[in-house]
Amino acid sequence: MSQSYTAGKHLILLLVSILLHQYLAAQVNGAISGIILDKNTQKPIMAASVLLKPSGTGSSSDSIGRFRISGIPVGTYSLEFSALGYSLKIINNVVITSGNENNFTIEMEPAGTILNEVLVSGRKASARATSLESPLSIQRLTTEDIKANPGGNFDISRVIQSLPGVGGGVGGGGFRNDIIIRGGAPSENVFYLDGIEVPLINHFSTQGSGGGPQGILNVSFIEDVKLSSSAFDARYDNALSSVFQFKQKNGNPNRLQGNLRLSATELAVTLDGPASPKTSFLVSARRSYLQLLFQLIDLPIRPNYWDFQFKTTTRINEKTTLQVLGIGAIDEFRFAAPKEATPEKLYAVNSSPLINQWNYTVGASIKRLTARGFLNLAISRNTLNNKADKYLDNEEPTEDTRTFRINSRETENKLRIDQTLNLHKWKLTYGASAQYIQFNNEFFQQFRPELRDEQGNILQPAIELESTNSLNFLRYGAFVQSGRKIWSDRLAISAGIRIDGNSAGNSTANPLKQWSPRISASYALSDEWNFSTSYGLYYRLPSYTQLAYQQLSTGQTNPGDYIRSSHIVAGFEWLPSSNTRFTLEGFYKRYSNYPVSILDGISLANKGTEFGAIGNELVNQEGKGRVTGVEFFAQQKLSKRFFGILSYTYYKTSFTGLNEEWIRASWDNRHLLSLTAGYKLKRNWEIGLKFRYQGAAPYTPFDLTSSQLNYLTLGTGVFDFNRTNSLELPAFHASDLRVDKKWNYRRFTLDLYLDIQNWYNSKNPGIPQYTFRRTADNAAFQTTDGQPIQQNGSNAIPVILANNDGSLLPTIGFIVEF
């Protein structure tokens, strides 16, 4: 009886296991949906054909441009969109899963005037990235490009380093996301999220610059990223090196869905779906576990962050759409005593500040269709609250031992309006913007302490920077841009003008003094070849830290002139197929009115990769800069399971300092090489490989005498700016590897991934670190006379620590779509 019962129980368990496996492993399907719009007018396109390749499954758009295809076997496809009077559009590498339904916003361009031009546009439908306003210096990445990027760790700021002209900071392999575009400083870039400007896209951001160690934006929200490194559309202000346009998805209007991502460093949750018949939403939250990882591997730093993001889309009526979005971050950076002390770990404790930072951007935009185009109205508010403190001993901070303080808050309240019209064959866009700035700043830095010898004689007088101020003022601007195609649509020309001004007392109120013209042209040499060129004059307002700074001891203030940069670019584009694109461009940039530090004597273009802020010091604006270079780009969209990107840039960049001599910029690496490739195997396996090479970066040696005097107070060495960037670091190179495996079940998808950064453990060159030799147990500093160390370092033993450790970093994680 007992034996038959046991056998029956085992049989039931076996049958349940078989049925469960059959249920999970049964043929599973996914779906896609979206809306198709006219790119020029933003009006829905009815009866557009949607074809899924290679399955051949298709559908068409309804009266409001919407489409949906369900019952699609899971896998990777291409989407082909066609409509009468419009050029063919192709989207490659569309991954259909059972967990989440992809929702696309498709913009189609009206076809050319002759049959041959229609075919040309069709062949360019997938690979082409340029537009009428910006016919060159444009690159695009899709959400799949970002998610599958090896070493990217779902961080857009790292992924874009695969693109031409994009460097990753001084050494190339550091932990920060300092975006260097064509030799420009990290402060020269602007970022737009669905048309709303987002000043910061990184955690632990450097105020006045923008870089930081980890991106904020949620990859699950992003439909594509567009990078413009020149020929900027006149609607965008304050850009000197690049404009990033992040296009977010709309929430799924058909059902509630989401995904959960867990790795050794973070946990992220995203939800999207319909909120009402007319409204869809996306919302996400992410929590960092870096502090636990660093504790496990006994690093003394403890970074901790949260971020949040949301978007709603409401179709008010046939002509009006409302979008509301928001993004925010909370950052905390602390230190802890390492279990096993080493000179390198102890140096890290007192060389960087403690950080408490939060920021947010919220905005709303209304798009209203008009008879010949559309009107956009956007209102937004963003705030950065930045607190940073540094002490003689960051582990035991007291007010008496403070050496550095930032307590700052900057808020921008923005209003933008623009109108796009299509007048016969002309495309005309014009608009205006206004901002109300609220800036409060408390700043203190012990630049040099007072030091005396044993007899009480002053060896070094104290130099302290201190400023407490507020600045409230208006910024305003206007633009117009127009373009058209002529000569049977073979020649495309575009020209625009932008003007900007502000009411700050030390800046420029008259916008006509920032007269910013730009012109571009593109000529189709053949069905596959294009030649394009552009010229533009661009302006950027200095950082609020610079504008508001006033030396407390003297009352001296800074100038606030707009920084000026002119661009000349020319290049060829070859599109041999719809999936393949090659570009070759030469560029020249010239800067004037660049801020120069009075104390250090160097251009602020050489700063911005340190924590805290830049601009809290006295400057003049007599600096100049120049960049010359050439870049090559090759992209193969997904074709026969393979996709890849190859980019190479050679450039030279230099700036003048207080002595007006031309000096290599801190990011004058000369060579940037990146290769990213992926291959989709059978059974939902995918493998990716990335290789990056960044040429030797210049750096400034230490002033050994001043460093010895000041190290115990500052926690770092003092650079000898009389020899700015006179030495070179070794070149940087590293490779990242990523493997993904997906399992699709009826109700969810599981994606397991292994991402190995720097898999062959290459050295990561960084600027050497100045310190004093420590005792064998690292409990104290050694001295030349065996006595306690003197505050002026006179009996210390200086040591220069190499800063070129390699860091092989494997990450195992999973994503559940449901």
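The legends below describe an overview and several close-up views of a predicted model.

**View 1. Overall fold of the protein chain in the predicted model.** The protein chain contains 8 helices and 45 strands. Its radius of gyration is 28 Å, close to the 28 Å that the globule rule gives for 818 residues, so the chain is as compact as a globular protein of that length. Along the principal axes, the C-alpha trace spans about 90 × 90 × 45 Å. Among contacts between residues at least 6 apart in sequence, 68% join residues at least 24 apart.

**View 2. Burial, surface and charge in the protein chain.** Of the 818 residues, 56% count as buried, while the chain exposes about 33,500 Å², of which carbon and sulfur atoms supply 58%. Side chains of opposite charge can pair when their charged atoms come close. A search of the whole structure for such pairs finds 35 salt bridges, and the remaining views show some of them.

**View 3. The salt bridge between Arg475 and Asp237.** The closest N and O atoms of Arg475 and Asp237 are 3.5 Å apart. Because Arg475 lies in strand E28 (residues 463-486) and Asp237 in the loop between strand E15 (222-228) and strand E16 (242-248), the pair ties together parts that are 238 residues apart in sequence. Arg475, at 9% relative accessibility, counts as buried, and Asp237 counts as buried as well, at 4%.

**View 4. The salt bridge between Asp500 and Arg498.** In this pair the closest N and O atoms are 2.8 Å apart. Asp500 has a relative accessible area of 12% and is therefore buried, the cut-off being under 20%. Arg498, with a relative accessible area of 2%, is likewise buried.

View 5. Lys607 and Asp600 form a salt bridge in which the closest N and O atoms are 2.8 Å apart. Lys607 counts as buried at 13% relative accessibility, and Asp600 is buried with a relative accessible area of 16%. Elsewhere, salt bridges that share partners join Glu197, Asp237, Glu412, Lys414, Arg416 and Arg475 into one network.

How values were computed
Residues numbered from 1 in each chain as written. Predicted model: local features only at pLDDT ≥ 70, side-chain atom pairs only at ≥ 80, totals over all residues. Heavy atoms only, no water. Salt bridge = Lys/Arg side-chain N within 4 Å of Asp/Glu carboxyl O. Helix = DSSP H or I, 4+ residues; strand = E, 2+ residues; numbered from the N terminus. Buried < 20%, exposed > 50% of the residue type's maximum accessible area, 1.4 Å probe, protein only. Rg over C-alpha atoms; globule rule 2.2 N^0.38 Å. Contact = heavy atoms within 4.5 Å. Areas by Shrake-Rupley, 256 points an atom, 1.4 Å probe, with all protein chains shown as cover.
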